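This briefing concerns backbone geometry and surface pockets. Please consult the sequence and structure shown below.

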Amino acid sequence: MNWITVAWPMMAAASLTLGLIELRIGVAQRPRSARLLFSLSAFAMAASCGVELALMRADTIAEAAAALRWVDATVGVIVVSLTAFIWVYFGTGTKWLALAVPILWVVGASADWVPGRPDMTYATITGLRAVETFGGATFNVVEGVRNPWTVFAYLGALAQILFVVDASVKLWRRGGRRRALVVGGSVVFFTLAAGVMANLVEAGITRTPYMFSLAFLVILVAMGSELTADVLASAHLGGELRESERRMDLAGTAANLGMWAWDLVHDTIWATRRARSLLGLSESEMLSVEKITNAVHPDDREPRRHAIERALKIDNEYEVEYRVTLADAQIRWISSRGRVERDASGKPLLVRGIVIDISARRHMEMKMELLQNQLAHADRVSMLGQLAAALAHELNQPLGAILRNAEAAELFLQQEPPDLEELRAILIDIRQDDQRAGNVIDRMRALLKRRSFAPRALLVSDLLENVATLTRADCAARKARLELSVEPGLPAVMGDPVQLQQVLLNLVLNATDAVEDLEGDRRKVAVRTALHGNDEVEFAVSDLGLGIEKEKLGRLFEPFFTTKSKGMGIGLSISRTIIEAHGGKLWAENNAQWGATFRFTVPVAAEAASS
Amino acid sequence: MNASAPVVRVVDDDASFLVAMARLLKAAGYTVRTFASAAELLAKLGDDAGCVLADLRMPGMDGLDLQQALMRGENVLPLVFLTGEGDIPTTVTAMRRGAEDFLTKHGSKQDLLAAVDRAIARDAHQRAKRDRLRALWVRIDTLTPRELGVLRQVIEGRRNKQIAVDLGINERTVKLHRTAITTKLKVRSVAELIKLVQAAKLFEESVADLP
């Protein structure tokens, strides 16, 4: 029994096995090039075992020469692919050294194709000699004259050794010590051992066959241990991942957070149990975009769709709040946030997000809003109280006129013949005065009504006119002049008419208070409006009073802060809340010469802004 | 005395009320003129008899300002105030300064017309008084300074002799002056003379000096 015929195929099988494993991993996993390069060298090694065996069993010089050429080819593939493998696997190394390896090998191997010469190792083969080795195994050894071209193969091997040592040192310094030592060391050992052995065999010093395969076993062991380490590490990672998932789930549950992901490529939706229960969906049902849309309150679907579309097109991120009607007809408020993930070309692949139950917060906000409305209402009632005397006068004018007209009509009717022309004129006047009184009452009633915030597009001139109607008599009584000016071509603003009137009334009444005790020309209040930027209208209420003391300027808008003996101190604080709810700002400043100016901004209505 | 009919002047900043009020007063038979402001009335006051009907509360010059301006002028017309809601301090001030009346804007027609009539009557009365006084003063103005001096002493009840000594003139000359005075002032007795001097408030300052 010749053990050589058993050992070599076994080594080939071992190389093949590891090569196949690496190939399988390389195909399935990214980045794949390192694995594929290594599997290539393993397959080349398996082939090399075959041709080594063929060389040992060669019966003629021609057979031996052919086998030698195959040995050169397979060893070349091994050396070059190992070099490339190290380059990729270590991610470091000196480029020119790496490139020198294939170049030197190709130059050396070109001798294989010179006619009349067997290969790059031997210039001529003089004969074959059977050798008996331990265990009684026999094999053939080539005898011949060495080819000087073989020096390129050795230079190539040297370049590879230098390259691998250099790359290993670099990797070692970067912290990849185990890999540098095991993989780098084994490759160096293989090349060194193979090179030395080949030299000894070719010089005829040792009477053994080529045993590159044996040297390669070291690399197989090293890579096997790498693989084992990888498998163990991934098993560990898997455990950690499960643990991290459990922690995430715990955090999500504790924070009442539902998580979801929408795969845009396959149009599938994944959601945690918590997310499903928040949306009122069962734990097992298949989710779809339509199912989730249907869970949302019909009134909130459009804004939600809009937000998601916007995120997909422009923003990448969105946040919407919507209602979900639960099985027991209860309403739950949900805040949903999502983020779009894209591929390199910017195409959206996935939307990942969370849902939270914000019903408690919403409830609180609604309560606050109600309180705010009540306070604002109280402020309006108190303001109308201040205006009562003046408004009574404002009403008495048309009422008095109606009475006098009616009395005059009675007298005209007693005439013979009655003056019908005059009577007709009287009736027209009576109707007009009635409308006038009605207008004042309507405006008062609007201010006295309890109502919630209802913004719409408003003309600035209408707002100022209403305020003028309510304050004209008060200003007259206090002998203050009220000047209104509207910049021509001002766009409509978006706001609640009653609340904006309330703010203007507050400011105008304050300004009138400020000038009440002054002389002649300074008893003046001016309301000016102008475009502020592109999308806001600024209202400015100015007086020529004494101005605001510096230390009070900062506290003016605090609730219950007042500088007046009869004031409650809620007017300005409510006004600021109102303006902020409109998305504007309210502030005060002293004028350069006399008095102060209160300014506030209100956004322009959307349809006006777009046109 | 002015021969033309009394004119009711209505002042109100509210055009509609002004028209209605004028209509009623015209229908009730008055001659009416309307003014949109106190300043306009003062500018076009004229010297016609009658009265003023003014809103107490007006921008610029209000009712009380108008009252003061009227009192300083030549044609002191009685003023009837119209008000939505008269507050007590304003009412007191207005009445103390001699406002004829205070009416609410939708008070009854009877009250309104009665107040207007009263104001016109008072104007007529004051005007007659003023006319008489003016006539008196026309007569008084014909006296020479010497005659005025003699008149003062006569009113004080001094005898001719005392007056002559006081003024360093002949007693007979005093008598001549007295005759000229009675002729010029068209009085027949000393009693009538005293009444006339009192009505004209002549020598008022010396009367005030009395203990």
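Which element supplies the largest share of the lining of the second largest pocket? That share, six residues, comes from H13(A). The model is predicted: local features need pLDDT of at least 70, side-chain atom pairs count only at pLDDT 80 or more, and totals for chains, interfaces and linings use all residues. Residues are numbered from 1 along each chain as its sequence is written, chains are lettered from A and ligands numbered from 1 in the order in which they are written, and side-chain values use heavy atoms, without hydrogens and water.

**Second largest pocket**
- Its volume is about 700 Å³, taken as the space filled by probe spheres set on grid points joined across faces, edges and corners.
- A pocket is an open set of points on a 1 Å grid over the protein atoms alone, where a 1.4 Å probe fits, with protein on both sides within 12 Å along at least five of seven lines; lining residues have an atom within 4 Å of a point.
- Of the 30 lining residues, A:Arg472, A:Ala473, A:Ala476, B:Asp13 and B:Pro59 lie nearest the centre.

**Largest pocket**
- The largest pocket holds about 870 Å³ of space and is lined by 35 residues.
- H14(A) gives the largest share of this lining, seven residues.

**Backbone**
- A cis peptide bond, with omega about 0°, joins A:Glu416 and A:Pro417.
- A:Asp267, not a glycine, has a positive phi of about 50°.
- A:Lys479, also other than glycine, has a positive phi near 55°.

How values were computed
Helix = DSSP H or I, 4+ residues; strand = E, 2+ residues; numbered from the N terminus.
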